[in-house]
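Biologist: Before we start, could you take me through this model slowly, and set each term against the value behind it?
Modeller: Gladly; here is the structure.

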2 protein chains.
Amino acid sequence: MNPTVNLDCFMSPRSVAVIGVSRKTGKGSFNLIENMLAFGYEGDIYPVNPMADEILGFRTYGAVSEIGKPVDLAVVSTPREQIPAVVEECARVGIEAAIIVPQGFADADEVGKGLQRELSRIARQRGIRLMGPNTLGTVNAFSGFTSSFMPLRREKVPIGVICQSGIFLVGSTLFTGMTGKGIDLGNGCDLDFADALEYFGQDHDIRVIFMHIEGLDHGRRLLDVAKRVCMKKPVIAFKTARTEAGAHSAASHSGAMAGAYDICRSALEQAGVMVISDPAEIADITKAMLRLHPMQGNRVAIVTFTGAGGIILIDALTTCGLKLAVLSSQTLSRVAALSPSWLTVQNPLDVWPALMVHGMEHVYPAVLRSVLEDPGVDGVICIAIAPDLPDQAYLDATGAIEQVADACPKKPVVAWLYGANQECVSRNLERSGTVISVAALPRAARVLEALYRRHLFLRQTAPYIPGKPTG
Amino acid sequence: MNPTVNLDCFMSPRSVAVIGVSRKTGKGSFNLIENMLAFGYEGDIYPVNPMADEILGFRTYGAVSEIGKPVDLAVVSTPREQIPAVVEECARVGIEAAIIVPQGFADADEVGKGLQRELSRIARQRGIRLMGPNTLGTVNAFSGFTSSFMPLRREKVPIGVICQSGIFLVGSTLFTGMTGKGIDLGNGCDLDFADALEYFGQDHDIRVIFMHIEGLDHGRRLLDVAKRVCMKKPVIAFKTARTEAGAHSAASHSGAMAGAYDICRSALEQAGVMVISDPAEIADITKAMLRLHPMQGNRVAIVTFTGAGGIILIDALTTCGLKLAVLSSQTLSRVAALSPSWLTVQNPLDVWPALMVHGMEHVYPAVLRSVLEDPGVDGVICIAIAPDLPDQAYLDATGAIEQVADACPKKPVVAWLYGANQECVSRNLERSGTVISVAALPRAARVLEALYRRHLFLRQTAPYIPGKPTG
């Protein structure tokens with residue numbers, strides 16, 4: 001098989017044959033053409049359904065052979081038994097790409113497993129490339145195409161998602177936050193992770209790639225591709241089926257072998273992929289990779305309103321292999337000049353006593369600037385209040401954080417804001433694009449760890465062992 | 001010292017002397033009386049400030065000895081050097097309780113440490129009970145009292161918070177979710193965890209207790225109290241300063257010794273306390289303890305729209321020492337009757353194929369009821385969609401989840417809803433009070449683990465080893 005597959009037919013087809021599309025439309029019908037139109041697809045659509053003359057205003061064909069015009073992509077949703085013959089016919093009429101939507105193949109019984117082997121054989125012999133079965137297919141917010149029968153939001157963000165389940169497209173808010181382009185490999189009877197990763201690696205619309213990996217069949221080829229792609233753009237992976245019980249269940253979901261987690265993880269990490277085990281961290285790290293500079297060392301400064309928050313964070317930093325920066329005497333004396341004499345000024349920098357006396361605007365920008373300019377500091381975490389009420393502006397450090405971080409883009413700044421208004425204040429803080437804000441404090445440390453690992457990978461330094469401070 | 005201290009004077013004082021209160025009021029002044037009034041305090045307030053005649057309409061006294069009326073509680077905010085003398089004077093005029101707000105004691109330099117020793121000595125010798133120093137003091141949404149100079153929300157929820165930092169009161173949305181009554185022990189020169197825990201243990205307004213523990217001085221006494229209180233109500237602890245670096249920093253925050261984390265954790269767990277290490281889980285577990293029944297075994301069923309979600313969850317369940325329930329043939333055949341013949345019906349129950357054919361209302365309630373009535377199931381996790389748009393009601397399982405869970409209150413039901421609308425749909429789902437919803441999937445497993453451990457503690461069965469399935 002061609003090692004670099006052009007997936008343009010899957011992502012931006014000029015014309016689509018939708019085979020086995022339902023005559024039912026409207027709520028709960030999961031009509032694929034209806035969803036395609038709602039998403040904004042403007043190419044040609046050829047419904048294939050021998051039982052109908054017209055679907056959603058489109059003339060309907062009895063078979064793909066009757067279309068008689070060039071078709072870039074077939075999206076197939078017929079009953080599973082008919083699919084091998086349908087795909088053969090597509091190949092015969094010159095269609096080079098097909099998405100096989102239905103379940104009931106390697107994810108199901110012996111009959112299904114046999115049908116999937118048949119699909120793999122057809123792809124190999126006829127040269128038609130297949131995505132799925134058991135897939136939502138693709139989504140492309142840039143071209144306006146999707147083969148998903150589930151409603152999806154369209155947002156032109158430079159994030160490419162490769163997954164083995166539609167949940168990462170339907171529920172992307174909870175994972176990558178957004179999806180600019182997505183490929184659901186499903187059971188992967190033909191196209192696999194390496195193909196999709198190679199494609200997004202060369203796609204100028206995509207700046208960060210996320211992969212949900214349940215199981216892997218062609219691990220070595222993926223690692224070869226990953227090594228190349230990771231040099232160009234960050235690749236994040238969420239590996240599931242980590243436990244024996246999870247792997248057992250995966251065999252009947254996507255039909256893939258999960259393999260030993262530790263081996264898989266370390267192989268991916270050596271190739272430069274960031275492997276995440278807590279799904280709550282996916283959005284943070286995706287956002288960080290898009291917006292923040294890799295962190296050039298592991299020395300972190302904390303600017304905090306609360307000693308307790310600093311301590312929670314130190315626990316997390318230590319666990320992530322990062323360490324507390326030793327601040328320069330210049331930085332320390334600047335902060336000491338604003339603080340009461342009894343305060344032991346050290347990292348974490350507790351700025352609350354200074355704020356109480358001098359007020360936010362006289363303290364926060366000066367302290368954060370000193371810290372970011374300190375040559376012993378590689379990144380900063382700000383612990384501050386998300387003011388609850390509009391009249392609590394005197395408690396609001398976010399304006400200062402945004403402004404100072406903007407001026408020092410080479411050192412990453414991550415904020416954790418506490419209070420009932422966290423979500424709203426965080427969203428405002430992130431508008432400038434040079435700071436990110438996390439929902440839970442330990443996740444700030446995980447973000448900086450990822451940015452540090454990205455730096456180490458790019459510099460091709462010695463392998464980094466998590467949990468062991470390197471400096 | 002009296003082992004059971006009545007903290008009513010601290011929580012619901014009829015009269016308060018506010019010593020060292022500022023004349024400044026309004027935004028950014030952190031005026032303690034202003035905040036007390038905003039919170040709804042209706043008792044008598046006696047400001048003590050020799051530099052003023054009147055503060056916020058209250059007659060001001062030059063010293064506590066001039067008040068000449070009964071005072072339940074003194075809240076002290078003078079410069080630190082004056083505080084031992086102020087507390088002596090309070091004791092002399094018969095005040096039995098004082099909150100020492102300022103920083104600069106064991107959290108600071110040698111002078112501060114000496115002053116704190118002095119405060120401990122006065123408390124011991126004069127019988128006056130002291131909270132702090134370095135504290136916001138108390139908050140009581142039921143009585144309407146707070147000594148906090150930071151604005152707090154007032155919500156009469158049955159959650160008691162004991163902490164060593166005001167962040168758990170100011171930022172409670174991000175920790176316990178809400179605070180009905182709170183005690184910030186600060187540096188703990190006199191009153192400590194055992195006192196506060198004993199008090200909340202006997203408080204009928206409080207049904208769940210949360211403790212933020214940075215360091216512990218009287219561990220043995222706390223464990224004795226915890227053992228008794230945990231038999232009556234759930235106690236959750238978030239232990240920080242877990243790492244060496246964190247413990248080192250804690251010494252200069254609350255001035256407490258952190259001790260070895262593993263020993264502390266296992267001692268607390270043996271006493272029945274639920275120890276949490278990820279702050280993101282505090283709100284989930286607090287909510288679960290308030291609303292759900294302890295889980296009487298470790299056999300969990302998963303009802304899911306997505307195979308991939310089921311697999312993520314199996315990984316988490318295994319890590320938490322829980323296991324996949326083996327469903328009865330009756331349950332399996334009920335689900336099989338609704339599903340396509342190729343589907344291998346097993347736990348996790350993927351109901352998506354059945355939904356696609358029969359629709360939500362014919363599938364979801366029947367399946368969930370079968371599972372909850374299955375004698376081999378102790379708890380259920382539902383993975384479903386949080387519909388994004390109002391016209392996606394055909395995708396909404398939350399009505400069915402709520403209704404069925406309501407009818408089976410003895411088995412806990414936890415939901416994870418995916419989609420952009422998660423927060424809003426989750427909030428609606430939780431209104432009935434018999435289901436809880438988590439933001440990230442692995443947290444559903446952590447909640448059930450906590451409910452199972454609660455059951456084991458109450459039954460006084462063999463100690464439970466996390467990570468090792470017991471059945």
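Biologist: Which residue is the bridge partner of Phe210(B) in S13(B)?
Modeller: In this predicted model, Phe210(B) has Ile236(B) as its bridge partner in S13(B).

Biologist: How do you know that strand S12 and strand S13 of chain B pair?
Modeller: Two strands count as paired if there are at least two bridges between them, and strand S12 (residues 208-213) of chain B is joined to strand S13 (residues 235-239) of chain B by five bridges, in the parallel sense. The two strands belong to an open sheet of seven strands in chain B, with the order S9-S8-S11-S10-S12-S13-S14 and mixed pairing.

Biologist: What makes strand S9 and strand S14 of chain B the edge strands?
Modeller: Strand S9 (145-146) and strand S14 (274-276) of chain B each pair on one side only, and that is what is meant by an edge strand here. Helix H6 (residues 193-202) of chain B packs on this sheet, where it touches strand S10 (159-163), strand S11 (181-184), S12 and S13 of chain B, and the direction of the helix makes about 170 degrees with that of S12(B).

Biologist: In chain A, what is the order of the strands in the open sheet?
Modeller: The open sheet of chain A has seven strands in the order S9-S8-S11-S10-S12-S13-S14, and its pairing is mixed. Its edge strands are strand S9 (145-146) and strand S14 (274-276) of chain A, each of which pairs on one side only.

Biologist: In which sense do strand S8 and S9 of chain A pair, and over how many bridges?
Modeller: Strand S8 (residues 138-140) of chain A pairs with S9(A) in the antiparallel sense, over two bridges, and at least two are needed for a pair. Within this pairing, Val139(A) stands opposite Thr146(A) in S9(A). Helix H9 (residues 261-270) of chain A packs on the sheet and touches strand S12 (208-213), strand S13 (235-239) and S14 of chain A, its direction making about 145 degrees with that of S14(A).

Biologist: Why are H3(B) and H4(B) called roughly parallel?
Modeller: The axes of helix H3 (residues 83-92) of chain B and helix H4 (residues 110-126) of chain B come within 9 Å and cross at roughly 10 degrees. Angles under 35 degrees count as roughly parallel, and H3(B) is therefore roughly parallel to H4(B). Among the residues that make the contact are Val87(B) and Ala91(B) of H3(B), with Leu115(B) and Ile122(B) of H4(B). By class, this contact of H3(B) with H4(B) has seven nonpolar, no polar and five charged residues.

Biologist: And why are H10(A) and H17(A) called oblique?
Modeller: Helix H10 (residues 282-291) of chain A packs on helix H17 (residues 442-459) of chain A at an angle of about 45 degrees, with the axes 10 Å apart. Roughly parallel would need an angle under 35 degrees, and roughly perpendicular one of 65 to 115; H10(A) and H17(A) are therefore oblique to each other. Their crossing is right-handed. The residues in contact include Ile285(A) and Met289(A) of H10(A), together with Val447(A) and Leu451(A) of H17(A), and the contact of H10(A) with H17(A) divides into six nonpolar, no polar and four charged residues.

Biologist: What makes H15(A) and H16(A) roughly parallel to each other?
Modeller: Helix H15 (residues 398-407) of chain A and helix H16 (residues 422-429) of chain A pack at about 25 degrees, with their axes 10 Å apart. With the limit for roughly parallel set at under 35 degrees, H15(A) and H16(A) are therefore given that name. The contact is made by Thr398(A), Ile401(A) and Glu402(A) of H15(A) and by Val425(A), Asn428(A) and Leu429(A) of H16(A). Those residues of H15(A) and H16(A) divide into three nonpolar, two polar and one charged.

Biologist: How do you know that the copies meet through the same surface?
Modeller: Of the interface residues of chain A, 100% are also interface residues in chain B, so the copies meet through the same surface.

Methods
Residues are numbered from 1 along each chain as its sequence is written. Chains are lettered from A and ligands numbered from 1 in the order in which they are written. This is a predicted model: local features need pLDDT of at least 70, side-chain atom pairs count only at pLDDT 80 or more; totals for chains, interfaces and linings use all residues. Side-chain values use heavy atoms; hydrogens and water are left out. Contact means heavy atoms within 4.5 Å. Axes are lines fitted to C-alpha atoms, for helices over the stretch in contact, and angles run from 0 to 180 degrees between N-to-C directions. Helices (H or I, at least four residues) and strands (E, at least two) are DSSP runs, numbered from the N terminus. Angles under 35 degrees count as roughly parallel, over 145 as roughly antiparallel, 65 to 115 as roughly perpendicular and the rest as oblique. Ala, Val, Leu, Ile, Met, Phe, Trp, Tyr, Cys and Pro count as nonpolar, Asp, Glu, Lys and Arg as charged, and the others, Gly among them, as polar. A crossing is left-handed if the near helix is turned anticlockwise from the far one by less than a right angle, and right-handed if clockwise.
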